[in-house]
Each structure stands twice: as structure tokens, then as C-alpha cells.
Amino acid sequence: MRTQVGIVGAGPAGLTLARLLEVAGIESVVIENRDRDYVEHRIRAGVLEQGTVELLREAGVGARMDREGIVHHGIHLQFEGERHHVPLSELADGRSIMIYGQTEVVKDLIAARLESGLPLLFEVDDVTVHDLQTELPRIRFTHDGAAQELECDVIAGCDGFHGVCRPSIPSGILRTFEREYPFGWLGILAQVAPSIDELVYAHNDRGFALLSLRSPELSRYYVQCRPDEDLAEWPDERIWEELQLRTGLAGWTLHEGPILEKGVTGMRSFVAEPMQHGRLFLAGDAAHIVPPTGAKGLNLAVSDVRILADALIDWYRSGTTAGLDGYSNACLRRVWRAEHFSWWMTSMLHKLGEDPFDLQLQLSQLRYVTSSQAAARSLAENYVGLTTL
Ligand code: FAD
Ligand code: DHB
């Protein structure tokens, strides 16, 4: 088999890249090791930056998002028993965010790919990448029991943090930066109308909590927990009790309902540099991870593949390699900004331990961002997605 761009991984990065290339008339083959149902139902992020929304629209996959997604113009920060509104759009030149689940983005992209009749292979096994520093890199894999080899002009490693592409780069070439956090999030999807109009990030003595949503009927809530938390110790009643304790306010009720899904996510910051080796280009979680507190992971994946698609389009149209050569540096500027923002939000909002000095610093910072226009504006422009990078 021969294609122009071989894409490993059908998450948001791989599928968005395939769509952008399709629109530009560039061929690709996407291979994914899980089945379609699994990929479409993996519950993860829920907040799209305006830039992500615009890109999905431009790529012709925004119709359902525009019908079903919910535009938000602010968030709430809660601490010391009070909820403070941060008017994101007012502070960030009218820009806003869209609440639309990653599962839905992925479903829309898969549907568009299949409707175009373009290759997207699920349940492939034994994926390996070869000849990365030649002009004809190859992907080998098995599909339906048969061994396959795919010759490409370039390979896009969009296979997430645990994929095979990043580890295929010989040792000594990548520099990695990492921080693990001593906590995780226990997340639930509940069949109950959200009790909030906009997201609530709550700092509390018992630990952080986040109130989010997916639709007028579905709520998405999180509580800080241990990174290796055993879900068996969290019957539904305990989760609701903890959410009530961490987010409760006089005169406001958190409505409870059946819990449809629950899971624990560990938290880490990670960056691998450079994001390119020869003809292999890493994008999304394959190259970097952020803790989820700033809702940046999915948005960064989309931002990487926008830069990669533009560079590939330039290369195919005019032979210039400037975009491809500058790919890693262009991505990393935004990546490190998001790394900082996510680390900052995480550090400001989570229970870090018992140190009273840490606690006072957090409260001081929270009072500052909810009372100073300058500080609030900084949070807002990062949250909705910087346009100046
Ligand atoms: P992925 O979504 O990981 O996609 C990679 C794809 O590659 C997957 O489909 C995988 O099956 C496939 N793959 C892996 N190995 C191979 C292989 N060898 N061959 C072929 N295919 C392969 N972000 C937020 O902003 N908010 C959140 O609440 C949030 N929650 C998260 C919860 C969890 C459990 C995780 C893991 C991440 C979460 N994130 C969250 C981050 C966000 O979901 C990711 O940043 C986003 O999915 C990145 O997209 P991606 O396409 O780069 O990687
Ligand atoms: C959601 C996830 C996040 O990480 C975040 O910061 C806000 C919302 C969500 O899943 O809805």
C-alpha cells in the first residue's frame, strides 16, 4: 500500500489531520488499534476553545456541534464558601468556549471520513514504524489477520501518550520534561440536568471539585482523589456526598441522578522535544500531556495538526520545507504556554497537602484573579485560547 501521509491513531489529532488533508486534496490512511465503538465512547474532554470550534467548522465537520454544542461566556471560581464569576468573553475580546464532548467530535470526524469513503482501519495490531530518516518511511501492521506495509511520504504519530511512534525515535534524540502530581480526578457522567449555568472550578479543604456538563440532560462532575484511587471504594452515594460537600452553597442545590459512567484519571505534565524525527511528526498526546484543569489537552492536539496540515499543504503545493522544518518549534510555543497554564490552574485549585503556607498562597491567588481585571484577563485569554502565539 502507498499513501502520502500515514496517520497512526484515530483520536482527535489523527482524525482532524486526516480531515484537513482531505479538504486540501492530500491522501492519507488512518490506522487505529482499538475498535470504532471504543474510540467513539471514550469519555474525556468537554471544552473546545473558539479556535478549535472555528477549525472544525472550516473543515466542514461543525454542523452537529453548532446544533448541539453549548456556548459559554464565563466560568466560576469557588473558594472560601463563595462563587465568583469570571466573564471570559468580556475579558478576552468577545471570545468564548463551546461545551461539546470529545466523544461527539470524534464521532463527527469518523462519520465524515467514512462518508468520503477514505481509508480508516480499526483494530489493527502490531504497529511499527520504519525508515524514518529516508524519503519513504513505512508503517507495518496487521489487519484482519494479514501483515500489511504502508509506504508514505511522511508519518504522523497521533497515537497518544502510550503509542508506538514516540518510543520509535532512537534514544538520545528526544529531550523529555515531566511532572507527576500526587492526585487524580474521579470523573462521573450523570443523567441529570446540570445544576449550573457555567463551569464551576471549586477549591475546598476536602480537595478540588469541578462541575461541568455535556448537554441539557447530562452532567459531568469531577472530584480530586488519589492517583491510584480504587473505584470500588466510591459507591455513587459517596461521590454525591463529596460533590455536595465540596461545591455546596447556601441557596443553591446540586441535583443528583443516575451515574452512567465513572473513572479515575491520573495527572501529569509531559513534553517531548523536538516533535519531529526525520519524516515522523508527533502530534497531540503522543508528544505532550497536560493535567486536565485548564481543559487544554484536546485543544492542543487540534492546534498541532492545524500547523502540520498547513506545513504539508505548502510542501505538496510548492515544494517548500520551511513549514515542516519549523513544525516542532511552532507547536512548542503553544504547548509550553498550555503547560504553564494547566500547571498553574492545577496548583491553584487542588489540595496540595497540609502545608498552611501553600494554602494561603492559593487563596491569595484566587482572591487576586477574582478581584483584579489584569489577573482575570490573563486567566481568560489563556482559557479561551491565546491568539497571539
Ligand atoms: P488520543 O485521544 O489518545 O488518541 C490516540 C489514538 O491512538 C487512540 O485512539 C489510540 O487508541 C490510538 N493508538 C494508540 N496506540 C496505537 C497504536 N500502536 N497503533 C494505532 N493506534 C494507536 N483533556 C481535557 O481537556 N479535559 C479532560 O477532562 C480530559 N480528560 C482525559 C481523561 C483521560 C483518561 C485521558 C487519557 C485524557 C484526558 N484529556 C482531557 C486529554 C485529552 O482527552 C487528550 O489530550 C486528547 O484525547 C488528545 O488527543 P490525541 O488524538 O492526541 O490522543
Ligand atoms: C471538562 C474537563 C476539564 O478538564 C475541564 O477543565 C473542564 C471541563 C469536562 O470534561 O467537561
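Of the 30 residues around ligand 1, the ones that come nearest are A13, E32, R42, Q102 and D285, where a residue counts as near if one of its heavy atoms lies within 4 Å of the molecule. Before going on, bear in mind that this is a predicted model, in which local features need pLDDT of at least 70 and side-chain atom pairs count only at pLDDT 80 or more, while totals for chains, interfaces and linings use all residues. Residues are numbered from 1 along each chain as its sequence is written, chains are lettered from A and ligands numbered from 1 in the order in which they are written, and side-chain values use heavy atoms, with hydrogens and water left out.

The side chain of R42 has an N or O atom 2.7 Å from an oxygen atom of the ligand. For the side chain of R44, the corresponding distance to a ligand 1 oxygen is 2.9 Å, and for the side chain of Q102 it's 2.7 Å. Taken alone, ligand 1 exposes 990 Å², and the protein buries 85% of that; these accessible areas come from the Shrake-Rupley method with a 1.4 Å probe, and for residues only the protein chains shown count as cover.

Who builds the shell? Helices α1 (12-23) and α8 (297-318) each supply at least two residues of the shell around ligand 1, and α8 gives the largest share, with three residues. Helices (H or I, at least four residues) and strands (E, at least two) are DSSP runs, numbered from the N terminus. By residue class, the shell around ligand 1 divides into 14 nonpolar, nine polar and seven charged. Here Ala, Val, Leu, Ile, Met, Phe, Trp, Tyr, Cys and Pro count as nonpolar, Asp, Glu, Lys and Arg as charged, and the others, Gly among them, as polar.

Now for the strands. Three of them form an open sheet in the order β3-β7-β4, with antiparallel pairing; two strands pair if DSSP finds at least two bridges between them. At the edges stand β3 (47-49) and β4 (70-72), each with a single partner strand, so one side of each is left without a neighbour in the sheet. Between β3 and β7 (residues 97-99), which run antiparallel, there are three bridges, and L48 stands opposite M98 in β7.

Next, look at β5 (residues 75-79). This strand is mostly covered, with five of its five residues buried, that is, under 20% relative accessible area, as against exposed at over 50% and partly exposed in between (1.4 Å probe, protein chains only). In a regular strand the side chains alternate between the two faces of the sheet. In β5, I75, L77 and F79 point one way and H76 and Q78 the other way, and all are buried. Five bridges link β5 to β6 (residues 82-86) in an antiparallel arrangement, whereas three bridges link β5 to β14 (residues 200-202) in a parallel one. You can follow both pairings from L77: its bridge partner in β6 is H84, and in β14 it's Y201. The hairpin of β5 and β6 has two residues between the strands, and E80 takes a positive phi near 45 degrees there.

Y201 leads us on to ligand 2. Among the 14 residues around this ligand, Y201, S212, R214, Y222 and P292 come nearest. A polar side-chain atom of R214 lies 2.7 Å from an oxygen atom of ligand 2, and an N or O atom in the side chain of Y222 is 2.6 Å from a ligand oxygen. The backbone takes part too, with a polar backbone atom of A295 at 3.4 Å from an oxygen atom of ligand 2. Taken alone, ligand 2 exposes 290 Å², of which the protein buries 97%. The elements that give two or more residues to its shell are β15 (209-215) and β16 (218-225), and the largest share, three residues, comes from β15.

A hairpin joins β15 to β16 through two residues, and six bridges connect the antiparallel pair. S212 has R220 as its bridge partner in β16. Seven of the eight residues of β16 are buried, so this strand is largely enclosed by the rest of the structure.

Notes
Polar contact = N/O pair within 3.5 Å; in protein donor to acceptor, adjacent residues only side chain to side chain.
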